[in-house]
Amino acid sequence: MKKLKIILAIAVLGFMSCEDVLDNTPGDSYNEAVIYSDIALTESLVFYNYNVTENWGMNFVDWWTRRIGIENASDECWFHWPTRSRYTNNYSTTTPSNMGFFRNTWPVYYRYIGAANNFLSKIDDSPVAADSPDEVAVLKGEMKYLRAVAYAQMINFWGGVPLVTEPYAFDADDFTVARASYEDCIDFIVSELDEAIALLPDGTRGGAEFGRVSKGACMALKSRMLLYAASAQHDPSESGAPRGPLYDYTKPSKWQDAANAAKALIDYGQYTLVPVTTSEEYHNMFLSPNSELIFARPYSPEFPNVPNDFNTLPDKAHSPVANGGWGLSNPTHNFVQDFKMANGMRIGDAGSGYDVNDIYANRELRFYANINYQGASFHGMELEYWSPFGNNSKDLLGNDGRHFALTGYNLRKFLDESITIDVTQSSNRPFPLARLPEIYLNYAEAQYMLGNEGEARTYASMVAERVGLPAITSSGSALLEDIKYERQMELFFEHHRYYDLRRWMDEDKMAENIVGVQWEKLTGGVLDPNGTLTMIGPNQIEERTFNKEDYYLPIPFDEVEKAGLIQNDGYTN
């Protein structure tokens with residue numbers, strides 16, 4: 001097997017300087033001896049590695065990816081900007097030399113892995129470990145979790161990757177390591193998480209520690225990764241996706257393992273669903289910490305030290321232009337039409353009550369909480385998407401209309417109507433990295449695959465009934481579709497859909513062309529601001545394709561060139 005040459009002198013004196021890691025005054029500097037002698041400095045080193053976790057954006061590496069997320073690479077949203085082609089995987093144009101918004105992902109994750117390796121290799125023998133053993137044990141647990149996060153994301157994108165667990169100096173040119181199998185990577189991640197669980201505190205850490213890793217966060221990631229591994233994308237008996245040790249998971253107990261991991265977190269008893277009766281209550285649930293939030297990335301200029309400003313929050317990035325936003329991630333009409341009616345029926349079902357002349361009436365609660373649409377009330381105003389005079393019309397912007405919602409929709413989820421965009425912030429709003437509904441749905445899916453449909457219905461129904469939908473009574477393939485529906489709508493814009501569609505091998509959805517709707521006011525077929533509001537469309541706004549190689553990203557050319565790393569199936573260097 002060809003090997004990857006990895007040069008990983010990445011940590012305090014490598015990937016990041018001390019000034020990067022620590023909030024120092026000008027002129028200050030620290031060496032490792034000082035850092036590992038002072039618990040506050042050691043904590044700061046760990047805090048920087050929290051940047052490996054997700055936020056509303058994909059990562060903190062590029063200007064764009066601090067503000068927009070991976071939802072635009074699925075059917076959830078369409079990136080509304082002239083440079084939208086940077087999501088190259090939507091068009092099967094990704095190459096090792098042209099990776100669009102994914103271009104820096106591989107090296108950045110290894111930088112965080114290197115920082116974790118350096119820390120874990122030094123911390124046990126450090127003065128701070130002798131002086132503050134309890135605090136250091138927790139920091140070790142946090143760093144193990146954060147290293148597991150990096151590897152989890154890498155194998156989601158690439159399949160098996162080189163497992164590097166020791167630090168290496170910049171001049172270690174002779175160091176090589178092969179890509180590990182996908183199964184070995186899963187085993188390593190689970191082992192890391194189990195070790196972290198033994199070191200970390202219970203529950204969701206509150207107060208000044210909100211946003212730091214707990215046992216529950218580790219259990220949630222373990223549940224997610226075992227579910228992913230058990231899925232069709234990694235099943236060697238399924239055709240259509242790349243196959244072989246770099247991609248396959250062969251354990252006969254895989255669905256039971258996934259079920260057990262989810263149930264362990266459910267039985268842990270630290271989290272409960274938040275009861276809601278209205279779309280407003282559901283929407284507000286995402287604006288502050290609550291009882292179902294297992295782990296979250298808090299918005300804070302202090303923790304950890306990353307570029308934060310008004311437009312890295314979702315309000316500026318995703319609010320309608322009428323409210324001062326950029327509307328960068330437009331929910332698609334494809335996705336909007338998947339929302340059920342309030343009675344739990346699909347819009348195409350006979351007797352659903354769907355009205356083609358009033359398409360947004362009587363939809364399920366999460367539609368109104370998550371989507372801004374024609375006629376919705378937002379920030380005290382009625383949103384109007386009709387052209388050329390509506391308050392979200394490109395003609396009123398005086399430019400090329402790049403902020404106009406071409407799909408006919410804007411995001412509502414996570415947006416805080418109590419703030420003034422560009423003026424105030426809502427500092428308590430977290431980005432959820434794990435919530436209890438995901439764990440219920442992980443368990444439901446695993447139980448379905450084990451043939452335990454009653455148990456699957458029970459836990460999927462908990463999620464559906466919480467938002468006012470009827471209990472799930474389906475069976476067979478219809479039950480699986482109901483479980484998938486709950487994941488689709490409950491976890492909207494939380495960075496799940498991209499991975500779910502791939503692990504389910506739902507190629508029809510991944511290759512589905514994106515459509516939107518627009519609105520006009522017409523009198524006798526002529527534009528008239530006093531005319532009748534008329535929906536135009538659905539109109540195709542983006543053609544998408546999906547090929548076998550698109551299940552995974554290519555290894556970046558620069559990384560392959562170092563030592564001839566085996567490239568993923570379907571790509572040439």
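Helix α7 (residues 182–199) and helix α8 (residues 215–230) have axes that come within 9 Å and cross at roughly 165 degrees. Axes here are lines fitted to C-alpha atoms over the stretch in contact, with angles from 0 to 180 degrees between N-to-C directions; helices are DSSP runs of H or I, at least four residues, and strands are E runs of at least two, numbered from the N terminus. That makes α7 roughly antiparallel to α8, a term for angles over 145 degrees.

This is a predicted model, where local features need pLDDT of at least 70 and side-chain atom pairs 80 or more, while totals for chains, interfaces and linings use all residues. Residues are numbered from 1 along each chain, and side-chain values use heavy atoms, without hydrogens or water.

Which residues meet? Among them are Ile186, Ile189 and Leu193 in α7, and Met219, Lys222 and Leu226 in α8; contact means heavy atoms within 4.5 Å. The residues of this contact divide into 15 nonpolar, no polar and three charged.

Ile186 comes up again in the largest nonpolar core, of 150 residues, as one of those touching the most other members. A nonpolar core is a set of buried Ala, Val, Leu, Ile, Met, Phe, Trp, Tyr and Cys residues joined through side-chain atoms within 4.5 Å, buried being under 20% relative accessible area. Helix α6 gives the most to this core, with 15 residues. A second, separate core has ten residues, including Trp504 and Tyr551.

Last, Val164 lies in the loop between α6 (133–158) and β3 (176–177). Val164 is buried, at 2% relative accessible area.

Terms used: Buried < 20%, exposed > 50% of the residue type's maximum accessible area, 1.4 Å probe, protein only. Parallel < 35°, antiparallel > 145°, perpendicular 65-115°, else oblique. Nonpolar A, V, L, I, M, F, W, Y, C, P; charged D, E, K, R; others polar.
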